[in-house]
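Dear colleague,

Please find below the structure that I promised to pass on, with its sequence.

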Amino acid sequence: MNKIFEFTTNEFLRQKNSLNLIASENYPSPSVLKLLGEVWSNKYAEGYPGKRYYAGNINSDLLESFVQAKALEVFDKTGEYDVNVQVLSGSPANGMVYLSVLEAGDTIMSLNIANGGHISHLHPTSNYKKFFKLINYDVKDIGDNTYEIDLEDYTKKIVEAKPRLVVIGFSAYPRSYQFGEMCRIAHQNGCLVLADIAHINGLVAAGLHDTPFQTGSSGADFVSMTTHKTLRGPRGALLFAKKKYIKDINKTIFPGTSGGPHLHQIAATGQALLEILGEDTYPDQISFQKYSQNVISNCKTLENSLKANGLEVISPCQNHLCLVKLPDSVDSLEIQNKLEAANIITNRNTIPFDSKTPWRPSGMRFGSPALTSRGMTSEQFDQLGKLITDIIFNRQSQEDVSKKVSEIVESLNWWYTK
């Protein structure tokens with residue numbers, strides 16, 4: 001076995017034998033993973049369906065058009081949107097919007113990264129700041145450690161700064177968005193709107209979260225998303241736009257910034273969309289809507305357990321992720337490493353208005369999509385919350401926690417074979 005296959009085998013075993021609570025990770029079906037290794041990877045398809053620069057793209061055209069149609073079927077009930085399936089990942093998808101509709105010196109407004117936003121929405125060290133100005137809207141404390149989007153701050157900054165583009169999206173925001181109101185406020189003040197639903201697109205697809213795909217001024221002009229979080233597809237992205245903007249988006253992606261699309265990724269995304277639509281199934285035969293309902297309820301169960309066992313919840317969750325504050329006396333990086341040593345995979349995270357550094361922040365973020373895909377029960381999520389707090393508060397040894405983690409792991413589904 002060469003080193004690459006050795007690394008791969010070790011990673012296979014690490015994933016199989018651990019409990020993954022990373023909110024941005026999931027386990028796609030074996031069919032999705034199979035397509036990532038299919039012959040689509042051999043083909044160059046520069047251009048778009050019906051207008052390719054190389055020969056041999058008869059099937060490529062059929063594939064791309066089919067996946068576009070399925071993406072619109074899953075998300076757009078208005079008929080006002082089109083979609084590009086060639087964009088390679090979520091952060092580049094956002095960049096394609098910036099490069100399509102902004103001029104150098106224009107202002108982008110997005111949620112403060114320290115309080116739940118994402119690095120691709122610009123931040124103080126972003127390379128995009130060479131070209132665009134940045135302002136942030138923020139969250140406010142509405143009581144009981146609950147932080148929600150400050151619509152007064154959002155509206156005031158839009159009126160005063162008149163950003164060309166407003167980004168609605170997050171990376172560590174446990175609450176739900178009301179896209180219609182935020183879009184209308186931005187549009188009333190002459191702004192374009194990009195909704196980044198990378199984290200919640202599966203919940204949107206299942207009808208369990210408000211959607212940015214709305215008519216008129218209530219809808220986002222652009223909607224970006226990754227395909228590997230709650231959507232449970234391959235690592236990749238989709239980029240939707242109102243029809244009047246799709247030509248600009250397409251030109252920016254090809255030939256403006258990219259070469260040939262990754263057809264194997266497009267095929268795998270299409271498979272995930274078929275599973276959402278019920279035209280194919282995930283191995284457990286559970287409908288995507290039921291799976292998504294379980295994601296939300298399991299996250300709430302985990303959050304309740306963490307709280308009951310001594311942690312401070314920040315903004316009680318309404319989606320697939322929860323955020324907690326650690327005791328001031330502990331080091332979040334050290335706790336993350338201790339949990340990993342017990343085969344519990346998490347990430348440390350800032351909390352709103354954090355007084356600590358981003359490298360060693362005050363909080364931790366937990367997500368339920370991956371373990372829900374493995375069939376973890378509500379009772380096991382409750383047990384896992386206790387095991388996490390036992391590590392944090394030194395109530396059990398790491399060895400004892402590891403044994404109990406192994407017992408849970410042994411009971412879970414694992415859909416892949418070696």
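In these notes, helices (H or I, at least four residues) and strands (E, at least two) are DSSP runs, numbered from the N terminus. By that scheme A55 lies in the loop between β3 (51-52) and α3 (58-75). This is a predicted model, in which local features need pLDDT of at least 70 and side-chain atom pairs count only at pLDDT 80 or more, while totals for chains, interfaces and linings use all residues. Residues are numbered from 1 along each chain as its sequence is written, and side-chain values use heavy atoms, with hydrogens and water left out.

The overall fold

The protein chain has 14 helices and 17 strands. Its radius of gyration (taken over C-alpha atoms) is 21 Å, close to the 22 Å from the globule rule (2.2 Å times the number of residues to the power 0.38) for 418 residues, so the chain is as compact as a globular protein of that length. Of those 418 residues, 56% count as buried, where buried means under 20% relative accessible area, exposed over 50%, and partly exposed in between (1.4 Å probe, protein chains only).

Exposed positions

A55, with 68% relative accessibility, counts as exposed, and its C-alpha atom is separated by 9.1 Å from that of Y44, 11 residues apart along the chain. F5, found in helix α1 (residues 3-16), counts as exposed too, at 52% relative accessibility.

Aromatic rings

A search of the whole structure finds 23 aromatic pairs, that is, rings of Phe, Tyr and Trp (its six-membered ring) with centres within 6.5 Å, called stacked if the planes are under 30 degrees apart, edge-to-face if over 60 and tilted for the rest. One of them joins F213 and F240, whose ring centres are 4.9 Å apart with planes at 85°, so this pair is edge-to-face. The pair links distant parts of the chain, since F213 is in the loop between α7 (201-205) and β11 (222-226) and F240 in strand β12 (residues 237-242), 27 residues apart. Both F213 and F240 are buried. Elsewhere, ring pairs link F12, Y27, W414 and Y416 into a cluster.
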